[in-house]
Amino acid sequence: RHLSSVAWSFAKAGRLTAPLRPALAAEVAARLRRDGDALEARGLANVAWAWAKGEDARKCADADDAVLVDAVSAAAAPRLGDFTEQGLSNLVWAAAHAPETPATTALLDAV
């Protein structure tokens, strides 16, 4: 939860940039790969929003960002019923702004 709060806070302030951005991306993705439930629904929505808000994801070629977007999408898709309306809205908005990958496509299809 703490990582999602850090990501959200820095994105809200317009400061989710290097070196923090790739470090957070790598850590959150690693935790989600180890345990898809490492973040609750709110945390997944906050991280997704932070990445889409923090930098235009369509222009981002950073491999860490792609790994993070895939990990969040894969963790969120089977748990859509756990999201509040606001969280789901933020998640869908973020996925729509992310590069199209099999995981983001599956997430959007599931919604």
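Q: Which residue does Arg79 form a salt bridge with, and how far apart are the closest N and O atoms?
A: Arg79 forms a salt bridge with Asp37, and the closest N and O atoms are 3.4 Å apart; a salt bridge here is a side-chain nitrogen of Lys or Arg within 4 Å of a carboxyl oxygen of Asp or Glu. This is a predicted model, in which local features need pLDDT of at least 70 and side-chain atom pairs count only at pLDDT 80 or more, while totals for chains, interfaces and linings use all residues. Residues are numbered from 1 along each chain as its sequence is written, and side-chain values use heavy atoms, with hydrogens and water left out.

Q: Where do Arg79 and Asp37 lie?
A: Arg79 lies in the loop between α4 and α5 and Asp37 in the loop between α2 and α3, so the pair ties together parts that are 42 residues apart in sequence. The helices are DSSP runs (H or I, at least four residues; strands are E, at least two), numbered from the N terminus.

Q: Is Arg79 buried or exposed?
A: Arg79 counts as buried, at 13% relative accessibility, whereas Asp37 counts as exposed at 55%. Buried means under 20% relative accessible area, exposed over 50% and partly exposed in between, with a 1.4 Å probe and protein chains only.

Q: What else is in that network of salt bridges?
A: Asp37, Arg79 and Asp82 are linked in the network; the closest N and O atoms of Arg79 and Asp82 are 3.7 Å apart, and Asp82 is exposed with a relative accessible area of 52%.

Q: OK, how many salt bridges does a search of the whole structure find?
A: The search finds three, and one of them joins Arg31 to Glu27 with the closest N and O atoms 2.7 Å apart. Arg31 and Glu27 both lie in helix α2, four residues apart, which is about one turn of the helix.

Q: Switching to α5, which of its residues are buried?
A: The buried residues of α5 are Gly87, Asn90, Leu91, Ala94 and Ala95. Seen down the axis of α5, they fall within an arc of 130 degrees (taken from the directions from the helix axis to the C-beta atoms), so they line one face of the helix. Glu85 and Gln86 are exposed on the other side of α5.

Q: And what does Leu44 touch?
A: Not counting residues up to four places away in sequence, Leu44 touches Leu32, Leu39, Val72, Ala75, Ala76, Arg79, Phe83 and Leu91, where contact means heavy atoms within 4.5 Å.
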